[in-house]
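Please look over the sequence and the structure, and then read on.

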Amino acid sequence: MITTHLQLELQEQNKWQFKPQFKNWKVFDQLVYNEFLTTEQHYLQQCQNLENIVKFAVNHVPYYRNLFQELGLSYHDIKNIHDLTKIPILSQTNLIEKFNELTAEILPKGEKMYGYTASSGTTGRPKKVLTIVKNNLMFSILCQRNYRFARFNPFGKMAVIRWSHSIPRLKDGSSNPDGETFRLNNWQYPGQFFYTGIEVFFNDTNPIEKQLEWLYKQQPHYLITYAGTLEHLAFANHQKNAIESLRSALTISEMLTDSMEQKINSNFNIPVTQNYGLNEIGIVAMQCSEKRYHIYTEHCLVEIINEEGKPCQHGEQGRIIITGLNNFAMPLIRYDTDDLAIALTDSCPCGRTLPSFGKIIGRYRRYANLPENTLLYYEKVCDLIAQMPNHLISNLRQYQLHQYANNTFELRLLTVDDLPTQFYQIINQIWQETVKDSSVTLEIITVDKIPKAKSGKTDYFTSDFF
Ligand SMILES: [Zn+2]
């Protein structure tokens, strides 16, 4: 079923009113047109963009100059996305260790340095990437596209619940304290270009009941937060009425699993969409109504490759490899995101022709070494809890499944009061039916706190095998 087309998206875009200084900007309409190009037009555009960054990298970035020399390649050998397999993958460790060699010696004419972004790496060492102004601007531009995809009305009120370090700083440079609301008169990123409603921010470190209270008080139309936080809110919310004003939510940073989405849909009665991005590149893709991630090919190219390093077939699961197209300060060609997703090669039923991929599975390195069936068990437990009737989980606030090195499991529950015996009975019964190996046991315990991972995310599943 086609859910959108060029005219409809242009109409959606026209709901956004430019501030006077941007009224001649064509980039936003251009993005709309790009969503409906023919396959041939997409191909040509990708080849052109790829050639630009590869030629620049080989000429002005020591890492690529040396690499191409070693491989006996010239930039002419990389004409399209299929040629990229001639170049080895750039690992996150490479990025950390080869920072200097990856830095461009000069910038293209007219480009200006912006600064650098840093994020925590899987090894705990920060991943730093130098960026140019244009690359940074793309973040704000593509953010608006995300909101159009999600059908946010720009005059609505936006609420954001995130870690304080991701919330704008106060005037004195300090972070927004817990318990306080930070307020902007415009939406943070698209508000540079367009007239919008207000945006309010609250720390994710506030107790969940306080977050819920805050949402009731603020009555926002849209909510942006981590998938885990939204699920947590859904657990805490279930005996009250829905937040009446809320029309939809956009989840960021963490994986939104089917069971989380189900819980959120049934509790808040709103649609949830998810985007995909990473600090090193920016916004990569956004989910459409068909739950596919459409790749923002103006900004990056995405390959999904199998264990042998070959492009995945339709429906096959593989690693997400990204080539950034706009960051001339530090070009990242074939950067290993360490994430897994399902490759899709057919056209999306929504009507957009931007290439797309399916469900994001999670971290490659973490999941590669797990004992057989681990993810099946994990998904079973999540599904089960998501589908439980409210009277069984009214005291549940959060949970985490942990796998020990001897392949036994522990389900940790954070509760506000005792859970009914039936809750335990159901979990134990389904566990026994699902897990055929009797040595793979499950113990259910209650805990006072489920600590967040170093990255700031809540891990729903932890394992000694990670
Ligand atoms: Zn689609």
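## Terms and model

Helices (DSSP runs of H or I, at least four residues) and strands (runs of E, at least two) are numbered from the N terminus, and the expected span of a helix is 1.5 Å times one less than its number of residues. This is a predicted model, in which local features need pLDDT of at least 70 and side-chain atom pairs count only at pLDDT 80 or more, whereas totals for chains, interfaces and linings use all residues. Residues are numbered from 1 along each chain as its sequence is written, and side-chain values use heavy atoms, with hydrogens and water left out.

## Helix α14

Helix α14 runs over residues 421-434, and its 14 residues reach 20 Å from the first C-alpha to the last, close to the 20 Å expected at 1.5 Å a residue. Within α14, F423, I427, W431 and T434 are buried (under 20% relative accessible area with a 1.4 Å probe, protein chains only; exposed is over 50%, partly exposed in between). Seen down the axis of α14, these buried residues fall within an arc of 70°, so they line one face of the helix; the arc is that of the directions from the helix axis to the C-beta atoms. On the other side of α14, T421 and Q432 are exposed.

## Two domains

An automatic or database assignment divides the protein into domain 1 (1-362) and domain 2 (369-463), whose centres, taken over C-alpha atoms, are separated by 31 Å. Between the domains the count is 1 salt bridge (a side-chain nitrogen of Lys or Arg within 4 Å of a carboxyl oxygen of Asp or Glu).
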